[in-house]
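I opened the notebook for a quick look through this one. Here is what I looked up, in the order I got to it.

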Amino acid sequence: MDVPTADPAPLPETPDLQGAYPRLSDEQVQILSAHGERRATRPGEILYRTGDENYDFFVVLAGTVAVVEQEDGGAERVVAVHGPGRFLGELSLLCDQAALLTAVVHEPGQVLAVPVERLRELVSQDPALGDLVLRAYLIRRSILIELGVGLRIIGSRFSSDTRRLLEFAARNLLPHRWIDLERDREAEELLSQLGVKPEDTPVVIWRGEQVLRNPSNPELARSIGLLDPSSGSISCDLVVVGAGPAGLAAAVYGASEGLTTVVLDGVATGGQAGTSSRIENYLGFPSGISGSELAGRAVIQAEKFGARINVPAEAIALERRDGHHVVKLDGGSSIAARTVIIATGARYRRLDLPRMEQFEETSVYYAATQVEARVCGNDPVAVVGGGNSAGQATVFLAQHAARVHLVVREDALGRNMSRYLVDRIERLGNVEVLCDTEVRELRGDDTLEALVVENNRTGERRTLAARAMFVFIGVQPHTRWLADQLALDDNGYIRTGADAASPNTAGQAGQADRRPLPLETSRPGVFAAGDVRSGSVKRVASAVGEGAMAVRLVHDHLQQVGGSGQ
Ligand SMILES: Cc1cc2nc3c(=O)[nH]c(=O)nc-3n(C[C@H](O)[C@H](O)[C@H](O)COP(=O)(O)OP(=O)(O)OC[C@H]3O[C@@H](n4cnc5c(N)ncnc54)[C@H](O)[C@@H]3O)c2cc1C
């Protein structure tokens, strides 16, 4: 496959930005050579193209290779140039996703092509090489996100579908550029070139040419090669429902301990933690780590051991059939498994206010990440809630918004919030904390303009200018999809262990005829881990710990029923 090279003049090699483009040592090239094939290259030869789902891991041995993006209208933008000793690819190669960029030989020479399955084996056998490649790929992905290569999302900031697509792209670490119909001048011109009417937006442009009109998340995932097309009806040892910290930990331990493991998530990997801009209390990260980075690393780790992660794949029912547990998915397919770990976590509660539903379309948010910060711009915002999530959101939003009103029902900020966050908020000049205060009214036409708040001791009311409201007022578990299949507590959380066998669950569907193992639900072989479990402590570390522990108990269960437990 060749393309003509317009300019054969040498291109300078891209400098090694923060470890994104390291050079392999001669020894490492030697090791890789035993698993791949050397071949000569010609100028203009395409090694892989945007959208390719199967391509090799290439090491440049001689000459140069340019990595380019196909822009709108067929133009090419050079993202990086690599010379001898450098390797190509980025995160999508290891995650079985379609290539985001095209690699074109610039100066002729030689490459080493290693099949990706061999690379995966090497990465887990050779920690130094594995670390070098993983680190480089993670940094390359963050560079691509910053450059805004890849998808174009054209839509209005006031459209809930635009927000859904932006959230989907950001939560799944998909590099993209948002072209706002309200503010970006190029939007209309681009739409008329594509023959799309503004009322038909949002649209997503993939590979600079394919136009997807308001795709659902699964449609988008399938079009860009994110969703495994073989994720239809299959069977495995362990299905993990939910890919937050608990589910990802279960995936890493399950797959690394020899269980065929399939992971499902309805939205994105990372769960609630993935929406946190900085987690500061997770062991081993003294300067904190963003939730999306933690999730990105965990996904690679799980896939390295062979776990199959399917996103978006929403579980809608759990059944028992022919001795297997069957998880039914939105869209009609299903997965049969010998064991199940439910790690579907929880989501934020809604405020019970008039016109809430209307404003949820445009101005109310349940997460504070770069996506929401971008949409809100420099406008004043309000955060509602007195826990750590509200505190983290306030600290983050104060870097972007002109003013942040923090509305807290309790009489002091420190009632439910960690001291380090209270101290930080108190030092922020553009944050106003309103204690003993509750929201009573939302004002604005289509979009939020102000909140009316009331002091719950004095009854005094105030109007606060706010173009967006961020709500963090406690959580409710994702268990509706389970209907009456498992024993739940009064708040809808899944009972496990002795609690699942307690007399007040007697008669509920799926009751075991033996005492459930710890973390086992009222149905033998089905376990629950993390925030969705009754009595859990709602922390990243505990969710991770429970995910790991649940796998140990899966082995115990399989041993009891005569399967291959460890
Ligand atoms: C903004 C914010 C900041 C936080 N900061 C911290 C912090 O600094 N330190 C800390 O320790 N904790 C923090 N937490 C709490 C921590 O994130 C949670 O305790 C942790 O994420 C729980 O992990 P989990 O895997 O149990 O569930 P979740 O993280 O809730 O993940 C559940 C996953 O299941 C998926 N899911 C739900 N239903 C279905 C279904 N039917 N089918 C398929 N998938 C489904 C969801 O999409 C989600 O991805 C924070 C939480 C938030 C929201």
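Predicted model: local features only at pLDDT ≥ 70, side-chain atom pairs only at ≥ 80, totals over all residues.

I listed the buried residues of α5 and got T162, R163, L165, L166, F168, A169 and R171. A reminder to myself: an α-helix has 3.6 residues a turn, so residues three or four places apart point the same way.

Next I checked the length of α5, residues 160-171. At 1.5 Å a residue, its twelve residues should span 16 Å, and the end C-alpha atoms are 16 Å apart, so the two agree.

Then I looked at both ends. S159 caps the N-terminal end of α5, with a side-chain oxygen 3.2 Å from the backbone nitrogen of D161. After the helix comes L173, which has a positive phi, near 55°.

What does α5 lie across? I found β6 (151-155), β7 and β8, with α5 running at about 160° to β7. Helix α6 (residues 186-194) lies across β6, β7, β8 and β9, at about 105° to β7.

That took me to the sheet itself, which is open and mixed, with its four strands ordered β7-β6-β8-β9. β7 (176-180) and β9 (210-213) are the edge strands with a single partner each, so one side of each has no neighbour in the sheet. I noted an average twist of 20° from one strand to the next. β8 (residues 203-206) pairs with β9 in the antiparallel sense over four bridges, and W206 has Q210 in β9 as its bridge partner.

Last, I went to the largest nonpolar core, which has 118 residues; L32, F57 and F470 touch the most other members. A separate core holds 21 residues, including V262, L264, L318 and A528.

Technical notes. Residues numbered from 1 in each chain as written. Heavy atoms only, no water. Helix = DSSP H or I, 4+ residues; strand = E, 2+ residues; numbered from the N terminus. Expected span 1.5 Å × (residues − 1). Buried < 20%, exposed > 50% of the residue type's maximum accessible area, 1.4 Å probe, protein only. Polar contact = N/O pair within 3.5 Å; in protein donor to acceptor, adjacent residues only side chain to side chain. Core = buried A, V, L, I, M, F, W, Y, C linked by side-chain atoms within 4.5 Å. Pairing = 2+ DSSP bridges. Axes fitted to C-alpha atoms, helices over the stretch in contact; angles between N-to-C directions. Contact = heavy atoms within 4.5 Å.
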